[in-house]
Amino acid sequence: MKKWIFRICFVAITVVIALAGIISYVTADGLATVAQVTKYVNVDGKDVKVEIFARNSGDRYAHPVFKVCELVNQAINYKLLHQDEEVTIDYAIYRFETDTAAYYNPKSRKYGMMTSLSKLYTKDCERVAYSFIKAAKYGIPVRLIYHRDADITARTTYDWFMKYMNDKCFFDETKKVSDFLQVRKAEWDLNYLGSEQMHNKQLLINHYLDWDGTEYHNAVNAMTSNVDSYMANTGLPVGSKDWTHTGYTISNHDKIYEANKRYFELTFQNYKVRPEFVNAVMDAHANNELNYEDEYFMCYFTPVPQEHTDAYDVVANPYARYVEQLNESKGQIKCYINNYHFSANQFSLKFASRLNDAFKNNTTEGNEFGCAINRSLVPANKEYQLLKGIGKLYLDKMTHGKDAMFYFGDTQEYITITGSINLELGEFCAKSNTGMVFKETEDSHEIYDCFYKTYLSTCMQ
């Protein structure tokens, strides 16, 4: 009897404390935001919320990774208000450092910053890794898969999570973290950082409660960044990783969430052997069970269906699709690329060649092409010569972006591609990656404008 009284009291106290925190955020004025764009579109009668995050090299307050920590905490807030509902969290990330922490409290003057913590949490900042432990302690099923630590062969991240598996849950002392948290380290051969990567940066949450009290459902968050290490004193990434990054959260879109959930399942279940993962993805593509598209969005997943050895698939690969549309367009055309890795291979050669065709054959005034790249593209490449002939190339830029923007004057379409995919053949043919296309019009192209502004900032670095 005493045990049950203790449990009831503990739950009551926990809920009161949590609600007090939520109410303080809801009723307080001047909540901070680091989203560069917040946009709503109507899909199947639902208000779909889109948030875009962008961080330029040197920025301290706008790193998209903070959103992972914030969304997990908002999922916990939802669970505290709806204890009878199941809240789920799925997270796939290529690289994960456990001491990396985020200021997720919008009342904090450091809201949106990243840092490194020697302990698990402070008043308004906590380790991203601990957020998942905490969610499990509140009874939220969490599945997490990552691929590598700072040391490629290490298992320090995995071992760190294992230390907390026997911790008791907040709501029931008979339950442990291990009852709700599954952590898997992909066992694919990293192949010298080549084509064997579980390269996702994908967070899926089915319910969360925003700080203003609004409930959202079926959220997909993704970004160009891994959970890398940060310097505690400056909040900047360590070493040479002070790069441009972008990210997004799409909430209330059931079909995008379901497509991402199916892909996460394939990745999570096939974490031991990469060829088995590839076969599962190919089967899903063959049955049209993965990629999704509507008037505003397209989500796509790799490996793409490999009918062509160069992966230049105009149906499943949006880079190919929109370059071909550039070739067909009769009006003004624009294309800007902000990408970490543009290597010489069959795909990039076909991609660059068709871009060259589009801009050489279309002489409309105001056409524009530009490309900001961190690594691999060099003057000796055929790709370099093809692209140099049609626009401006900015090499060795501090960017980890995986972004491209297309504008079509004749149809007044503004297209933005982002996700975890570099312009490299292995990204499309072998790795685990997610991608997103945002489709906008002349009347409303805030997302395109945000990514274009980030591209310009990258070029000026």
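Let's start with a pair of strands: S14 (residues 333–341) and S15 (residues 368–375) run parallel and are joined by 7 bridges. Strands and helices here are DSSP runs numbered from the N terminus (E, at least two residues, for strands; H or I, at least four, for helices). Asn339 has Ile373 of S15 as its bridge partner.

This is a predicted model, where local features need pLDDT of at least 70, side-chain atom pairs count only at pLDDT 80 or more, and totals for chains, interfaces and linings use all residues. Residues are numbered from 1 along each chain as its sequence is written, and side-chain values use heavy atoms, leaving out hydrogens and water.

S14 and S15 belong to an open sheet of 8 strands with mixed pairing, in the order S12-S13-S19-S18-S17-S14-S15-S16; two strands pair if DSSP finds at least two bridges between them. Its edge strands, S12 (292–293) and S16 (392–394), each pair on one side only.

Contact means heavy atoms within 4.5 Å; axes are lines fitted to C-alpha atoms, for helices over the stretch in contact, with angles from 0 to 180 degrees between N-to-C directions.

| Helix | Lies across | Angle |
|---|---|---|
| H5 (residues 254–269) | S12, S13, S19 | about 0 degrees to S13 |
| H11 (residues 446–459) | S14, S15, S16, S17, S18, S19 | about 60 degrees to S14 |
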